[in-house]
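Here are a few exercises to work through with the model open beside you. Try each one before reading its solution.

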Amino acid sequence: MMKLTGRFGARFALTATDAGHWHAVVDDSWRGWTGPHGGTLAGLLIDVAQRASTRDYPVRAADVRFLGRPATGAFTLRATEHIVGRSTTMLDVVAEQGGVPVAAATVILGAPGATSIPAHSARPAPAVAAAPDCALFQLPPQIVPVGAHFVIRPAAGPLPLSGADEAMMCAWIALDPALPLDAPSSAVLADALPPGLFPLLTAPVAVPTVALSMQVHADLGHLGEAPVLVRAANVSSGDGWSVDDTDIWDSDGVLLVTARQTRRVLG
């Protein structure tokens with residue numbers, strides 16, 4: 001059966017080892033603040049769900065939980081499929097290191113269907129300059145090596161660690177090396193910008209993600225490798241916790257993906 005997976009897993013040597021099990025390697029170039037980039041792990045969990053499913057349905061949503069302190073290196077992943085009627089499939093995927101679970105996800109796949117309800121989005125894209133007209137911004141690779149994999153062009157809002165009074169960042173972002181935009185790569189892009197409260201700060205603090213929920217709003221199959229517009233905003237921070245919302249649009253202003261991250265503030 002032809003699967004809807006792209007080239008994402010190939011970047012991490014994602015291969016099937018036996019029934020329901022996969023092996024992948026996340027090298028140090030994909031390290032975030034303290035370990036493997038969370039969006040990258042989420043992308044691998046989503047990719048495995050698509051590969052494991054007996055149905056060739058697109059991803060509709062994913063709920064990812066980070067269960068431990070993973071390290072860069074090898075991961076073993078396993079998936080369990082649950083058929084929910086004729087149009088919906090759910091897959092539970094677990095990533096392990098040394099036999100210990102470090103991340104898990106429930107991924108929902110759903111068949112396209114005809115409907116009389118008109119298309120609607122309550123989150124229009126902001127009016128910003130086109131990507132080529134926005135200057136490049138580089139996350140410091142000596143601190144966050146995964147930053148070398150992102151081509152970031154800020155388009156609106158303050159920069160991280162600028163001591164601003166607005167907890168929002170908006171930028172055109174592409175992956176380097178380039179990858180087609182699909183559900184796994186969208187998970188990486190949803191976690192490409194620093195935590196949403198960073199514009200308020202002048203020095204970085206550790207704000208690891210505990211849970212990431214992602215929803216897919218449009219057909220990603222026809223999209224290429226062009227940059228997408230990503231807006232990350234802090235919803236709230238307090239009592240040692242922080243919540244961020246992220247929206248992703250294509251260059252035509254179509255809402256592609258939304259995500260919410262629940263983070264622990266350790267600084």
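**Exercise 1.** Is Cys 170 buried or exposed, going by its relative accessibility?

*Solution.* Keep in mind that this is a predicted model. The cut-off for buried is under 20% relative accessible area. Cys 170 comes out at 3%, so it counts as buried. Cys 134, at 6%, counts as buried too.

**Exercise 2.** Find which residues touch the most other members of the largest nonpolar core.

*Solution.* This core has 59 residues, and the ones to pick out are Leu 77, Phe 150 and Ile 173. Helix H1, residues 38-52, gives the most to the core, with seven residues. Now zoom in on Ile 173: skipping neighbours within four places in sequence, its contacts include Phe 150, Leu 189, Pro 227 and Val 230. Another core, of eight residues, lies apart from this one, and Met 168 and Leu 255 are among its members.

**Exercise 3.** Describe what lines the largest pocket.

*Solution.* First, the pocket's volume is about 820 Å³. Its lining has 35 residues, with Trp 33, Thr 34, Val 207, Pro 208 and Thr 209 nearest the centre. Sort the lining by type and you get 25 nonpolar, seven polar and three charged residues. Finally, H1 and strand S9 (209-216) each supply at least two of the lining residues.

Definitions and conventions. Residues numbered from 1 in each chain as written. Predicted model: local features only at pLDDT ≥ 70, side-chain atom pairs only at ≥ 80, totals over all residues. Heavy atoms only, no water. Core = buried A, V, L, I, M, F, W, Y, C linked by side-chain atoms within 4.5 Å. Buried < 20%, exposed > 50% of the residue type's maximum accessible area, 1.4 Å probe, protein only. Helix = DSSP H or I, 4+ residues; strand = E, 2+ residues; numbered from the N terminus. Contact = heavy atoms within 4.5 Å. 1 Å grid on protein atoms, 1.4 Å probe; cavity = no way out; pocket = protein on both sides within 12 Å on 5 of 7 lines; lining within 4 Å. Points joined across faces, edges and corners; volume = space filled by probe spheres on them. Nonpolar A, V, L, I, M, F, W, Y, C, P; charged D, E, K, R; others polar.
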